[in-house]
Amino acid sequence: ISLLAGLAVATWQWRAAAEARDAARRYGQISAEVRSQLSDLIASGNPDSLGGSSQPLAEAVRAFAAGWDPKQVSDPVVGGIISANLANQLSSVGVWQDADRLATQAMQLLESIDADPLDQDQIDFAMALCLDAQSRVQSHGEAHEKAAELSEAALRLLDALVSRGAKLPRLEEERLAYASNLAVERYMALPPDAGAPQREALLRDWRSALQRARANGIGRLEFAQAQAVYGSALVASGQRELARRELLETIGTFEEFAPNSLKRAYAHRWLGGLIAESDPTEARRHFELARGIYDRANAPGLHEHWDFVNAYAEHLLRVAPADAVPLLKSFLDRLLERGDLWRSAQIAIRLNQAYGAAGDKGAALQMLDDVSGRLSEVKPDDFGRINVNLNLAVRLVGAKEFARAEAMLRDLLPFNRRVFPVSGLTPRQHLIRLYEEWVLVEDSPATVRQLLEALRAEEEAEAAAAAKLVPG
């Protein structure tokens, strides 16, 4: 019996070794094919190593993805894996629509494959890449609960791979990245009235995940990528000293291993914001270091880049308003070149503030006029379009172009109940101010006073109706 048992064990060990060799051989074949297909793209750079790239990564990935069809390769597993990698890369550089399309395409292809067990690990890993890409797309649209669901699904796939002993490179690093993404989305999905204990509990869980990863021997660079995001959450939660230590450690790691990493820029941005009031000169140094990295990456569609420009502009508007103008103008030009109208509208509003602070009303009027023309192709009720046109109308009033301002404000009256960050006034209230100025002009139309009185009556009637709704 013992002899038979020994033979059984030996047979099982031989079979396990043979399966491991077959799996390794199959993995090598797939990896070689993927590298072959993506060789030009890999040579163009990657998000964390942009020095020496022959072209911006965003453009390289977009160009490759535009001509990609998984049917170009005979092996559907390879085709699905390449699509998944492209989707993830596109989401990392802010090309959202293409990222979502390719992720959906890759998942449909991979799910349709009657997979050989040798391929299942790689298929599951590719599916996790797709879910991660879709999570970023949802996060960009501020659908953080949905983004958290997708991140959690991706993390479950990676956990399953680890539990069954999958031998895939960077698996632990990806697990940490996905756990970090999940923590971010859960934190962002908290309602505004969430209490401090709820936020602190999430941060404690996040910190525990980082400590486990470090104890498990994760690489310093991979750890720093997750640590940067954790540091930003500490800033937002008001844990200033701990945030400062985490971000400084993160920056030190990136300076040593990946000086052009986008996550290094991210850490500089949050540290600059943290010390902006206590040490504005040092804060500006950190902002400028981040700016150099983002400019080299040339990925203005990336949410982190847009967030950085807003944060730095806010700082400059407090300490050096004239310096905010070239920062915002350069970024706006790149957004318009990409056709990113939503972000263009937001940056145009900020640039209008900068021009105003610098005393250049003429440049502000010209810029808003140009952006308003570009936004004419979006829906009339688009908030960015409404906001830009309202700012433009206010500038036109200042320039005494009353007739044009009147036409623009009357177009905005259907959206009067919307809230606008322009002097805290609605379109109708701005129109009343316009008529109040216009009626004083010697050659103003005779109807201006009548229009003014009619609008005042509407405003008073609405205020009286609102007062009746207030209890007591």
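This is a predicted model: local features need pLDDT of at least 70, side-chain atom pairs count only at pLDDT 80 or more; totals for chains, interfaces and linings use all residues.

Author: Arg334 counts as buried, at 17% relative accessibility, where buried means under 20% relative accessible area, exposed over 50% and partly exposed in between, with a 1.4 Å probe and protein chains only. Its side chain meets that of Asp295 in a salt bridge, 2.7 Å from N to O; the term stands for a side-chain nitrogen of Lys or Arg within 4 Å of a carboxyl oxygen of Asp or Glu. Arg334 sits in helix α15 (residues 321-338) and Asp295 in helix α13 (residues 280-297), so the pair ties together parts that are 39 residues apart in sequence. Helices here are DSSP runs of H or I with at least four residues, numbered from the N terminus. Asp295, at 33% relative accessibility, counts as partly exposed.

Residues are numbered from 1 along each chain as its sequence is written, and side-chain values use heavy atoms, with hydrogens and water left out. The average pLDDT (the predictor's confidence in each residue, from 0 to 100) is 82, and 85% of the residues score at least 70. Over residues 1-21 pLDDT stays under 50, and the model has 1 contact beyond four places in sequence for them, a contact being heavy atoms within 4.5 Å. Residues 42-55 also stay under 50, with 27 such contacts.

Back to the salt bridges: the structure holds 31. One of them joins the side chains of Arg164 and Asp121 at 2.9 Å, N to O. That pair links distant parts of the chain, with Arg164 in the loop between α7 (144-163) and α8 (171-188) and Asp121 in helix α6 (residues 117-140), 43 residues apart. Arg164 is partly exposed, with a relative accessible area of 40%.

Another salt bridge brings together the side chains of Glu255 and Arg264, at 3.6 Å from N to O. Here Arg264 is buried, with a relative accessible area of 10%, whereas Glu255 counts as partly exposed at 44%.

Methods: Helices (H or I, at least four residues) and strands (E, at least two) are DSSP runs, numbered from the N terminus.
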